Each structure stands twice: as structure tokens, then as C-alpha cells.
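Please read this briefing alongside the sequence and the coordinates. It is grouped by topic.

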Amino acid sequence: MTLNYDSALAIYEPTLGLEVHVELNTKSKMFCGCATEFGAQPNTQTCPVCLGLPGSLPVVNKRAIESSILIGLALNCSIAPFSRFARKNYFYPDMPKNFQTSQYDEPICVNGFLDVDVETDEGNKTFRVEIERVHMEEDTGKSLHVGGATGRIHGADHSLLDYNRAGIPLVEIVTKIVPNTGKYAPLVARAYVATLRDILRSLKVSDVKMEQGSLRCDVNLSLSKIGSGKLGTRSETKNVNSLRSVERAVAGEIIRHANRLESGEKIVQETRHFLEESGETRPGRSKEQAEDYRYFPEPDLVPVVPDAKWIEELRTLLPEKPADRRKRLQTAWAVPDKEMNAMVNAELLDTVEQTVLLGADPTKARSWWLGEISRIANDKAVSPTDLMSVNDVAQIIELISKGELTDKLARQVVEGVIAKEGSPSEVIAKRGLKVVSDDSQLMKAIEEAIAAAPETAEKVRGGNIPAAGALIGAVMKLTGGQADAAKVRELLLKHLGQ
Amino acid sequence: MAAISRDEVANLARLARISMSDAELDHLAGEMDVILGAVARVQEVAGADVPPTSHPLAVNNVTREDVVTPSLTPEQALSGAPASSEQRFKVPQILGEE
């Protein structure tokens, strides 16, 4: 018999553990001055330190330490009064030094927590995810496996290495085990990564782009029989690279573990790889042999000993918590939950806020960014903020509120700005997009419309007001959509004695 | 009792990707045992008032500002590589691990 998600959870309780790697957005690398630009030509951002050449000596990037402490503070951690780097030794060409400089038993931050909200059957519920540690390390180089069928390592006849990424500051955030999430385990995992991403973004310490790998998540999962109180063997699914994938990986592993256990098989403690297409995982390397990293204190780096003054200075830099800010803005703008979620999910909250700060009405700002501009951005597969600036949008909204643009004209202005015809005022001038407010000009169009449809005009004269719609439409057409429809209606009805 | 067994030396050799013959393992196991024995004696001498140290200097918080400095050119970076291709370091087939 095969267990599905629900039947698996009728028998087993899942336990989660999440490891998140965040690339910091420092200008230079962790231990050397090489640049950290994403997408640079291969091996253009390397030096003797990050290439591990003999005799080179690392020096720690101060901003990377400060970013790490900020992350720890935001996650309610204690900042270690004494912290050291360690060498994690392994032979693999992604690190030219044959070790990764990391932290082992003396990480910079320990014992924090993060509360995450999950929508459950009983409404929103808060789960507390406890943080074990936050430690500093460096990213590895990028490998390209050549000769195999699928770019995978198996079947490849050689590999090519680009060390631009080797040595970029990386922070690893490790949770304690997260028990008692039951069927909400996939949602808790997703909400944790989403909440963490929001916090990191608000701290401005990382780009947190999962699709570019600046935020990566490893999902640990084990099952225990309900009521047994005994933790099962875990699997670790590596590099799950979107929020949706985090959720799918947890759900998929629950089903896989449960079916193995039910058929009497053992769970192997191993690293697995998430397959984006199927939502399943396939085995990677087995942990039994790989775990022996022979960590030892890094002799080329001195300890990091942050004093209370430094920590308190950093604490003053902590921004408002994203969840608090959201609540504040939602109240101030009187936005319903659904629209608020849409704005957050579209990652447009900052943009809308900036537009509002320039004087735009919050409802208008939201509807332009999430409506017309998002629609065009979707078609072009870019983000809305790539198309329009906050200033442009605020200006267009102002012109609408002054009655100088109708919504219809404003859409043409947006189209023109996106087509790089210039600023909103330039587009308005070039395309001649002014609201026709001159009564005599409007009257001319009204008379023309009546002359073209005398029978309809007669109906309106006779008291059939809805018939005026067709005439108003004709006037709008004659004025190229540049008239204010309400004004046209008023003038037309008056002209026809209504 | 020996501080390090022959099996442990064999495991270290495997982790370090060094191929060793049985004779070499026998020889090294004995030699490393002597070295570790000597280190153990130093540990006995260190009293409770001597903290363990990984660095000879009592210096903390040596950092650099987050400033970009020039990198090597790709040609310079690759000049010491046994093989390169497409401006990347070329390494032999990586087996078994992923």
C-alpha cells in the first residue's frame, strides 16, 4: 500500500531542521579585496588569497562581521564574546585551498529564535523556530561538468572551475530541530525561509535572491511514529532554491520517508538533491564518509572578540521588524488582508510605500503598481520596478487627481514611459495627451456625435437617459479618449434638455 | 597504548588522497605515534593557567574595511594551472561525490 501525504501524517510526526546560507552583499570578498559582482566573466575576481596560493594571508572583512552580528541580533541571538574561524578540510576542486574557512565550535551568534505565522485550519498560528547558531564562512567556486549528458557530475570527463564566487562572505543560519508542526511542516518551513528573507532584506545585508543563489536552503527532515517520542533518521535535501520548492521538498520527503518506513526499509542518513520538475529528491553523497572534515582553528586569522560597545552600536542600526512594519502600513493605508498579501508577495510593498511618501494616494499607488504596471511587467518577464520609477508613478497619480489625466490617458502615459519615450510630462507633450477640458471643443464633438446619430439623440431628449451612453462613447472616440467622461455626460445631457 | 592506530593513519591518508603501501603505513603509524607522544608531553607541562591557543600573538579583531582592490587578470590567475579551458581551471573527472 502506498501512503499519501495525509495517510503518512496519520502515522508519523515530522521533525524539521533548516540550514540557510546567505551570501552577504559586501563589495569585497570575506578575506581579500576581490570584487563580488554577480555574473562577471570567469576568473576575473580572484587573487592569491582566494586562489589559495602559497604564502597569501587572509584578513577579515569588517563589514561581513558587522552584517553577521546584525543578523544575530535580528534573530534574537546572543553574540559570542569570543569567536574564531576554523578550517573545514575537504578535497574538492570548488575550493582551491582544499579547505573552506568557516566557524566550528565558536560561532559568532548562538541561541536565537524567529516567530513565523502560518495559516492553519484554526486561523493564523505562530510557530517559534529556535535558532541554534549563525556562523561566518565563505562561498565556494562554481563548477561546470563537461562531457556528461545532463551537466551532471556522473559521466562528465572533466570539470571547469570559476573562482569568482570562492571567498564571497557567506553566513549560515542553522535552526534547532523544529518539532510538533504536524501537517503544517511544509508551511512552517516555507514561512520560516520567507520571514528570514524579509528580515535579511530589511537589514540590507544580502540581495536574498533565491534564484541567483544568494539565499539557499537545506532541508533536514525526519519522521517518528506518533507517540513514540523517538527521533527518526534524517535526510538532508540540498540547495532548495525557491519558497515553493522548500514547501514541496518537505512534503515530498515526508511521503518518501513514510513509505520507506512502512515497507520496513531504513532511512539512510544522506544528502539528497531536490528535483525542481518532479518535486522529488534523488540521493547525493552518503554522509558516512563525508563528515570527517577535521576542523581545526584557522592559524592565519585572529579571534573575533566583539565588545559590548560595538554590539550596542550595531543594535541601534536594527530597522523596524518587517512584520511590525507591515501591520503599521496596513492600518495606515486601510488595506484588506488579501490586497496586503498580494502586495507583499509581489515584493512591491517598499515601492508602494515610496510612492505614497511622494504624496500619492495609497489605494491609487497600490492599484497602479499591482495592476497595469505589473501586468506589463509580467508580459515582458521583468519586475515592475525595472519599468517605471517611483517618481514617474507618483507624478502620474498626481496628474490624475488634478484632473489633468483620465485613467485611460494615464495608461497611455505609462505605456509611453515604459517605451522609453521620456518622463511622464514628455510623453504627455509628445503624444498630446491632455484631458480636453475646453467646453467649446467638447461641445463641437457633442454636436458632431448627435448629428451622426439623430435618433439616439431624440431618445435622450424624450427621457431615455441610458441611451446617452452611446453618444458619450462617440464623443470619447472623437476626442481620442482625452475627454473626461463625466464632464461629457454633464454637457451632453444639458444640451439635450435633460 | 599507541596514540594513533594504523587504521587511523590509513583513514587520514584516504581523506588526504594520499596513496600508501602497507609498508609505508606500518612505518608512518610508528613515526606519528612518536610525534603525538611528544606533543602529549608538552600538554602535561601546560598548567591550568595557560589557555589553549591557536595563534602565537594575543591580538584580536584584525579586520580590513570593505574596499575592493584590484584582482589578478584571468591570464595571471590561470598561469599556474596545469590545465585550463574557457577561461576556467580545468580539473580531471570528479568521481563518486556530488
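This is a predicted model: local features need pLDDT of at least 70, side-chain atom pairs count only at pLDDT 80 or more; totals for chains, interfaces and linings use all residues.

Residues are numbered from 1 along each chain as its sequence is written, with chains lettered from A and ligands numbered from 1 in the order in which they are written.

**Confidence**
- The predictor assigns the complex an ipTM of 0.87 and a pTM of 0.80.
- Chain B has a mean pLDDT of 88, with 94% of its residues at 70 or more; pLDDT is the predictor's confidence in each residue, from 0 to 100.

**Domains of chain A**
- Chain A is assigned domain 1 (5–313), domain 2 (324–431) and domain 3 (439–495); such bounds come from an automatic or database domain assignment.
- The centres of domain 2 and domain 3 of chain A, taken over C-alpha atoms, are 32 Å apart.

- A:Ile446 lies in helix H15 (residues 439–452) of chain A; helices (H or I, at least four residues) and strands (E, at least two) are DSSP runs, numbered from the N terminus.
- A:Ile446 counts as buried because it has 25 C-beta neighbours inside 10 Å; the cut-off for buried is 20 or more other C-beta atoms within 10 Å, with C-beta atoms placed from the backbone.
- Apart from neighbours within four places in sequence, A:Ile446 is in contact with A:Val475, A:Leu491, A:Leu492 and A:His495, where contact requires C-beta atoms, placed from the backbone, within 7 Å.
- A:Leu491 is 45 residues from A:Ile446 in sequence, and their C-alpha atoms are 8.3 Å apart.

**A sheet in chain A**
- Strands of chain A form an open sheet of 3 strands in the order E5-E4-E15, with antiparallel pairing; two strands pair if DSSP finds at least two bridges between them.
- Strand E5 (99–102) and strand E15 (296–297) of chain A each have a single partner strand, so each edge strand has one side without a neighbour in the sheet.
- Strand E4 (residues 86–89) of chain A is joined to E5(A) by 4 bridges, and A:Arg87 has A:Thr101 as its bridge partner there.

**Contact between the chains**
- Chain B contributes 32 residues to the contact and chain A contributes 44 residues.
- On the side of chain B that touches chain A, strand E1 (63–64), helix H3 (74–78) and strand E3 (88–92) of chain B each give two or more residues, and E3(B) gives the most, with 5 residues.
- Strand E9 (residues 158–162) of chain A pairs with E3(B) in the antiparallel sense over 4 bridges, and A:Leu161 stands opposite B:Phe89.

Note on methods:
A residue is buried if 20 or more other C-beta atoms lie within 10 Å of its own, exposed if 12 or fewer, and partly exposed in between; C-beta atoms are placed from the backbone. Two residues are in contact if their C-beta atoms, placed from the backbone, lie within 7 Å.
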